[in-house]
Amino acid sequence: MRLQPKELLLLFVVGAAGGLIGDAGHVQAGTTTYLDDATPFIWESALWFPILVGLATASIGELRLWLGPPRPGFDATVAVASIAAVLAIYAVTALVYDEPEGPATTLIVMLAVLVACWLGGGTPALVCGLAAAIVGPVAEIAIVELDLAEYAPSADSLGGVALWLPALYFAFGYVAARLAEFLVARR
Amino acid sequence: MRLQPKELLLLFVVGAAGGLIGDAGHVQAGTTTYLDDATPFIWESALWFPILVGLATASIGELRLWLGPPRPGFDATVAVASIAAVLAIYAVTALVYDEPEGPATTLIVMLAVLVACWLGGGTPALVCGLAAAIVGPVAEIAIVELDLAEYAPSADSLGGVALWLPALYFAFGYVAARLAEFLVARR
Amino acid sequence: MRLQPKELLLLFVVGAAGGLIGDAGHVQAGTTTYLDDATPFIWESALWFPILVGLATASIGELRLWLGPPRPGFDATVAVASIAAVLAIYAVTALVYDEPEGPATTLIVMLAVLVACWLGGGTPALVCGLAAAIVGPVAEIAIVELDLAEYAPSADSLGGVALWLPALYFAFGYVAARLAEFLVARR
């Protein structure tokens, strides 16, 4: 492991908390619905959801450090702003899920591109963004296939999940990668 | 007073004008409704509303200068952009008032955090943001209690006002504080 | 011509592609409807629409260079981000077209102001933004008058086109001007 245990834990906690906030918006808006009540719930989410998002956040952070040396410099303001940016996009997806999927997807894709341009980071960051954009939706498609949850009919055109979901995960991957860089920089 | 009379007047005018624009959006969307027609109206607002916002803007600007020395440097572009940012968030609140309050509030909170991270300013700015986030909603709760105006049922869960209202005022407080700094810097 | 043929072609292609993406959102959401099926269609657009947007993009780029020397410095990230920003605003117009026109217009105007403040460029950029904000809506009003297309009743208060349309074109003009500067800078 290139991140220290406490750093991995911090990424896990940040990711799990962010997943809880974002997922609550999806559930409250009706973007997604949990179909299986067998597992415990925390706030609006099945317990496994924030755990998965936390693990994904720590994994992408670790991946980032395997892809090359992190950029120097620690900026708490950018760290906070990057988390706020991805949570803002997450909330927008909850608010536009019942709008036509075309312009909703265009908006989320462009916001994700703006986050990527803002945070930068070159090829390693891009790989983290793309990895998240692939693995995240594939995992959610599996969740839908397992009848654990479903997306609303207005937002399920990508194999059962929303067409904008890869863009949301793309932004998430960039942010997780940037946070990992900051954790190393502040050692 | 640490701001000169003409500077206080300018903050008052900017705040009153911004309040008029933002409030017109709230009234036109149905976010808020004036219940008392006894006072004169200007555009969509009861006359006292832009006056209160103007006074709040000047007060926060004055508060900023009592909290510590302002940052040097005058940047008209940032001044204009900061006003535009808070009016954009104001307009978003008008557009999402009938959406589920959870994700709508998450969006407004995160946009306010992004504005705060962008404008910076340390503890004095944070105090101004928090002061606005407390005093503004309390004043509006009093307005609702006095039956002068009401928020729509979909946006009244914070003692009669919207749950996202403190976040909107938080961003407003940061912008008012930044404008006060700019006014001193351009003397 | 101050832009080289290949540079003009690139601006045309970028503008036409962006016009196709943005217009698809408008058509899918119901913001606009084509009334004349006599011309060929590409994706959701009558063929002449992306051609017009492409020509407008190249024209504004050329106009920018006639207005004064371009700023030095090439930044691919800013170029990509500026295109993403205007497409994001375009998508927002599609999503809010059936909201009250007042706050929707305030939001689009303020987002356009933020784009202008971000890209900067002084008087030449402002002229490009204003030229686009006038010529674009006038051309679309003519299109509506010719019964080739129409805006939804909730977004047609500016002589048949949407009240927020000049602001969308204003942002577009700033971006086209910035892209022209970048093209010269990377020669």
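Tutor: Start with a definition: a residue is buried if 20 or more other C-beta atoms lie within 10 Å of its own, exposed if 12 or fewer, and partly exposed in between, with C-beta atoms placed from the backbone. This is a predicted model: local features need pLDDT of at least 70, side-chain atom pairs count only at pLDDT 80 or more, and totals for chains, interfaces and linings use all residues. Residues are numbered from 1 along each chain as its sequence is written, while chains are lettered from A and ligands numbered from 1 in the order in which they are written.

Student: What percentage of the residues in chain A is buried?

Tutor: Chain A has 187 residues. Apply the C-beta cut-off of 20 or more within 10 Å. The buried share is 56%.

Student: What radius of gyration does chain A have?

Tutor: The radius is taken over C-alpha atoms, and the globule rule is 2.2 Å times the number of residues to the power 0.38. For 187 residues, a compact globule would come near 16 Å. Chain A agrees, with 16 Å.

Student: Is T32(B) buried or exposed?

Tutor: T32(B) lies in strand β1 (residues 32-34) of chain B. The C-alpha atoms of T32(B) and Y151(B) are separated by 4.4 Å, though the two are 119 residues apart along the chain. Because T32(B) has 27 C-beta neighbours inside 10 Å, it counts as buried.

Student: How far apart are the end C-alpha atoms of helix α1 of chain C?

Tutor: The expected span is 1.5 Å times one less than the number of residues. Helix α1 of chain C has 25 residues (5-29), so it should span 36 Å. The end C-alpha atoms agree, at 36 Å.

Student: Which residue takes a positive phi just after α1(C)?

Tutor: Look just past the end of α1(C). The phi there is about 95°. The residue is G30(C).

Student: What kind of axis relates chains A and C?

Tutor: Copies are superposed by least squares on the C-alpha atoms of residues with pLDDT of at least 70 in both. A rotation of 120° with 0.0 Å of shift along its axis puts chain C on chain A, at RMSD 0.0 Å. The two copies are therefore related as by a three-fold rotation axis.

Definitions and conventions:
Helices (H or I, at least four residues) and strands (E, at least two) are DSSP runs, numbered from the N terminus.
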